[in-house]
Amino acid sequence: AAGMFLRLLSDVQWRAAHPKWRRMTSSQRRTSTTAEPPPLSLPAQAQVVICGGGIMGTSVAYHLSKMGWKDIVLLEQGRLAAGTTRFCAGIVSTARPVSIELKMAHYSNKLYQQLEQETGVQTGYMKTGSISLAQTQDRLISLKRIASSLNVMGIPCEIISPKKALQLHPLINIHDLVGAMYVPEDALVSSANVSLALATAASRNGVQIHERTTVSHVTIQKGRVTGVETDRGRIQCEYFVNCAGQWAYELGHSGEEPVHIPLHACEHFYLLTHPLQEPLSSSLPTVIDPDGRIYIRNWQGGILSGGFEKNPKPLFTEGRNQLEIQNLQEDWDHFGPLLSALLRRMPGVEALQIMQLVNCPESFTPDMRCIMGESPTAQGYFVLAGMNSAGISYGGGAGKYLAEWIVNGYPSENVWPLDLKRFGTLQSSRTFLRHRVMEVMPLMYDLKVPRWDFQTGRQLRTSPLYDRLDAQGARWMEKHGFERVKYFVPPGNDLLDLDHSKTFYKPDWFDIVGSEVKCCKEAVSVIDMSSFTKFEISSTGDQALESLQYLFSNDLDVPVGHVVHTGMLNEKGGYENDCSIARLSKRSFFMISPTDQQVHCWAWLKNRLPDDSNLVLEDVTWKYTALNLIGPRAVDVLSELSYAPMTAEHFPSLFCKEMSVGYANGIRVMSITHTGEPGFVLYIPIEYALHVYNEVMNMGQKYGIRNAGYYALRSLRIEKFFAFWGQDLDAFTTPMECGREFQVKLDKGMEFLGQEVLLEQKQNGVYKRFTMFILEDHDTDMDLWPWWGEPIFRNGRYVGKTTSSAYSYTLERHVCLGFVHHFDEKTGEELVVTTDFINQGEYEIDIAGQRFQAKAKLYPFSSLFTQRRRKDEVELSGYQRE
Amino acid sequence: FYLTPPQVNSILKANEYSFKVPEFDGKNVSSVLGFDSNQLPANAPIEDRRSAATCLQTRGMLLGVFDGHAGCACAQAVSERLFYYIAVSLLPHETLLEIENAVESGRALLPILQWHKHPNDYFSKEASKLYFNSLRTYWQELIDLNSGETTDVREALINAFKRLDNDISLEAQVGDPNSFLNYLVLRVAFSGSTACVAHVDGVDLHVANTGDSRAMLGVQEEDGSWSAVNLSYDHNAQNEHEVERVKMEHPKSEEKSLVKQDRLLGLLMPFRAFGDVKFKWSIELQKRVVESGPDQLNDNEYTKFIPPNYHTPPYLTAEPEVIHHKLRPQDKFLVLATDGLWETMHRQDVARIVGEYLTGVHHQQPIAVGGYKVTLGQMHGLLTERRAKISSVFEDQNAATHLIRHAVGNNEFGTVDHERLSKMLSLPEELARMYRDDITIIVVQFNSHVIGAY
């Protein structure tokens, strides 16, 4: 049965296509019609070597060659498209919650659609559409959210009734459904043949393809890829692309300098049946029943159905072993619950005869998003892997972005959510990965609600105060392996358990965070912010300043003791990082960036700082515990603890000074809070952390001090219109586009990265504008809460998406932040966004298909800055009258 | 009508017994971790017996299963007596002397065996004096014969088997003034029993077998899979060597009549057995004993019946075949079982089921669709049943019970089918024997760490 199945999926086209690239690569080998033509010798060098002949490798090769690169070699240890790609269920589904993934899938769909015409290789492409079913109202909400984002991208998509679903697919049992989502342009393909078609096109464009060639390791010298060692010899190369799928981790670790690619394989099962008595039409839509954890597609007149079970079976934890992919066992007992779900959804298929239960390992990543991009430690080492079982949906788009990345230095879209550099070595432990993917795989079909945290692989990086805070009721979230407090549950106050707390509506912590915010506004709160990335840059001479002046947009040549908010921009003026830099001395700087910047920012600086032994970059993240004292009484607490006046005259805002707090000396105190509220951040050498915390809490008692968490911080910063990198800001956003011209010093007397673009934007205007929206007719208790990614409508027309949102306890309204574009009504062309354009529109935010009126603002309410409290109260009431 | 799962369980567990070798200082120094045993009757009363004991004056542990026929008297006697004969055969001269002196002077006797018995495993009180006297005679002879050589386990086993069978025969010929005892010894001698006995001492495993019960070693291969190694030969018509042996021991003229319908003299399934004096004594002796015996014996058609073509007795022996095996770390367990088990299950399946049970890997045999025509609905039903079964697997605390559950309840997919199990167990007494035989199982678990350290 296995043999037959393999023949069916990767059918005759494979053989038809096969001679083509043999001929392309060597004209002398025409006669080689025998099963095993002698292998061609490998070239001694190539510009790019791609390892892996699955959908990812062939897609990268295809797109690189399309972009004009010719000197490319693709190596495959077995046969092309013979790994996970061959076993892939072949469903091209665009319904993805993450915007960049949605774009990739959309592109893939369009690419596959024309691939057969382009290459002459049959891909089995069939536009069947897909129906995602909702058994619960919450599921329907999540579908509606996806539908909204599909619609604004111009992808047809409809929320339909169960009855309509039945009309589209006569076998579905609809009795337990509350609704469904229909995406008519979703498609089915033979993934192996798509891969072969891509390979055929690539090889026509000059890509050399070598099968049965195993890469043993990649050689890296001075932080650059120099070549590839294979079982058939060495190839020198400038670029290496690791598309080794589930073996990508191992391959990354095979060289002397490991490249950490955090992914782990799990067994994935689907069954194939013989055709129905009256064979199913090949145009019947694919059914996705996430509440039943299954998908069902038509297959050769019968069905193909698999799913993502609650109890996945991870494998290859200790690396590749004797188990060949082909020898994996069918495990019916394991598949049992999914089979029950299938028969519940389609009782009519009960009499269908089973052909096979396919066990096909898929690789999963720690955050359910795929991995692409360049290694932070080895330039020219690119990765595209960890598709979380959506390889065929992402293949085309992912290959395109990676090819652009290699050729242009950056892809055409913001791929930070997928960037390899979002991970560090800390996510590379096999134990961590094994445990995490066991959580990730069921999540594929779990309800995805806002503010969800992974439960496995936790308590890895913690602040020295962890136990203290935990004992005081801290509830934790994790960022880059670091435990951070969400909020503190007061004693005697119980929250819902994890499963029941999942909601798209008002969460159960609403009042708790509200009181933390109130404390920040009226008294003083402490937030442990130790997770933030902290670097020190110092030099013997002026090298540090000179380098930083070039790499950062603001002027860093400030007096010692000053703190500068600045972007770290790329050539296009986009934010690679957004940070606060304190000048500790003439020649040394202390840099604070978001937690997940640890790897990315390090690589960015390392690759751009001059190779000078007198210029030292050091990651001191682990050396300091950061306590953020937020609130009007922070001044009082700190001055009492340090016997130093901390008022604005003595310690102005954006100031940094080493001082003693309690018994501890050498505490770096900065007058910033990341929220716009008054206060300080204390950078405390970790051994003093507990002491300083205790002192602060004791002293603060009379000022009403209490602990607070990140949710309070979020609410505060969003109502103040503070953009956060990674959430609102990305490599495609310039300071000009988010109202931060004041953080750019265009005339600082020397050139800096991105300067040209910024100058140009200053002159000609920007094409998108960061805007703050206050929801008007939104009922916090009754309506769905905004999250991020909600479409923004201006005068009824789509103009952009939100990037973050929070409830403002001060305004008693929801605040959304997002970007407004100006699309020409006729051509759709992007036009300059002016202040007038923003101000003169009527806005609506679409939350899961329901539109709420919103007030747009380009500047924060000055009323919210407490320093000028009295005057603000007038302004606030003025706002309420508007 | 069906038995509910709890009813099924109470039947299956009625006779289960487990013994764990006690640990000293948190360490188990014995090569045996313990054993599980159980039996399921088909005959009423059951004709199988089982025994287990630790030798106290020598090292080692004895375990045995006994399959009786023509009644349970012989199997009962053998199960009570054989281990004493073996233990005595193994004792060094000094210990024998010490014991004899103690008996002579009426002092307390050194204990020879520590029995590990289920409450249902009884010993005959009435016969104990008689049995003891026979045993004492045996050790007195051993003392007299003192060869000065260390006792070889193989020889000891063979001698013990033969001696006990001889004593059974003699006791029946001599009779006993007590009429109850007189009848008992006759019933013992006229009924029969096979015996399959294991002696484990460190890494030395000896299996002595007489008849068609079987000993099987469960071996875990490097890849984790299980295989079976036979540690006994069946003494029946299927064993060519046995047929040869029997034919060699009798004149050529009898060749045709010796084995008929796969039975000895067309009557007896096992080719070796205890008791069964009808296949051992001369016709004259049989007639004399029966005629002088009690009326019950005289009225019994079976005892009076002389096997056809009975020319050159004895046709039957109790002498065992002994196989010695040096235990290896991969030898995880030993299964001793009467033919009731082996008739229904292949030893390979036994090895797998017990192996997976003991290692806690409750992998049922994976279902493979393979060449079968299975619909989604059928598969679903099968999986639902298997899930229910898994919970019943975990109910079993005893490997032998687990094995019986499989032996009786297995369907064609190799999984326990509750319906089938329930039917088999609710058969009326008179029908049960037609569908299944008595099953007696002992599963001995070895301590690989200790074995590996040898």
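In this predicted model, the crossing of helices α13(B) and α15(B) is right-handed. The two partners are α13, which spans residues 347–358 of chain B, and α15, which spans residues 399–409 of chain B, and they pack at an angle of about 135° with their axes 10 Å apart. Because angles over 145 degrees would count as roughly antiparallel and those from 65 to 115 as roughly perpendicular, α13(B) and α15(B) are described as oblique to each other.

If you look at where these helices touch, you will find that α13(B) contributes B:V350, B:I353, B:V354, B:Y357 and B:L358, while α15(B) contributes B:A399, B:H402, B:L403 and B:H406.

From the packing inside chain B we can turn to the place where chain B meets chain A. Here 15 residues of chain B are in contact with 19 residues of chain A. The size of an interface is often given as the accessible area lost when the parts come together. Between chain B and chain A the buried area is about 1400 Å², and carbon and sulfur atoms give 63% of it.

Between chain B and chain A there are zero salt bridges, although a search of the whole structure, over all chains, finds 54. One salt bridge joins the side chains of A:E658 and A:R668, at 3.3 Å from N to O. A:E658 lies in strand β32 (residues 656–661) of chain A and A:R668 in strand β33 (residues 664–670) of chain A, so this pair ties together parts that are 10 residues apart in sequence.

Terms used
Residues are numbered from 1 along each chain as its sequence is written. Chains are lettered from A and ligands numbered from 1 in the order in which they are written. This is a predicted model: local features need pLDDT of at least 70, side-chain atom pairs count only at pLDDT 80 or more; totals for chains, interfaces and linings use all residues. Side-chain values use heavy atoms; hydrogens and water are left out. Axes are lines fitted to C-alpha atoms, for helices over the stretch in contact, and angles run from 0 to 180 degrees between N-to-C directions. Helices (H or I, at least four residues) and strands (E, at least two) are DSSP runs, numbered from the N terminus. Angles under 35 degrees count as roughly parallel, over 145 as roughly antiparallel, 65 to 115 as roughly perpendicular and the rest as oblique. A crossing is left-handed if the near helix is turned anticlockwise from the far one by less than a right angle, and right-handed if clockwise. Contact means heavy atoms within 4.5 Å. Buried area is the accessible area (1.4 Å probe) that two parts lose on being put together, summed over both. A salt bridge is a side-chain nitrogen of Lys or Arg within 4 Å of a carboxyl oxygen of Asp or Glu.
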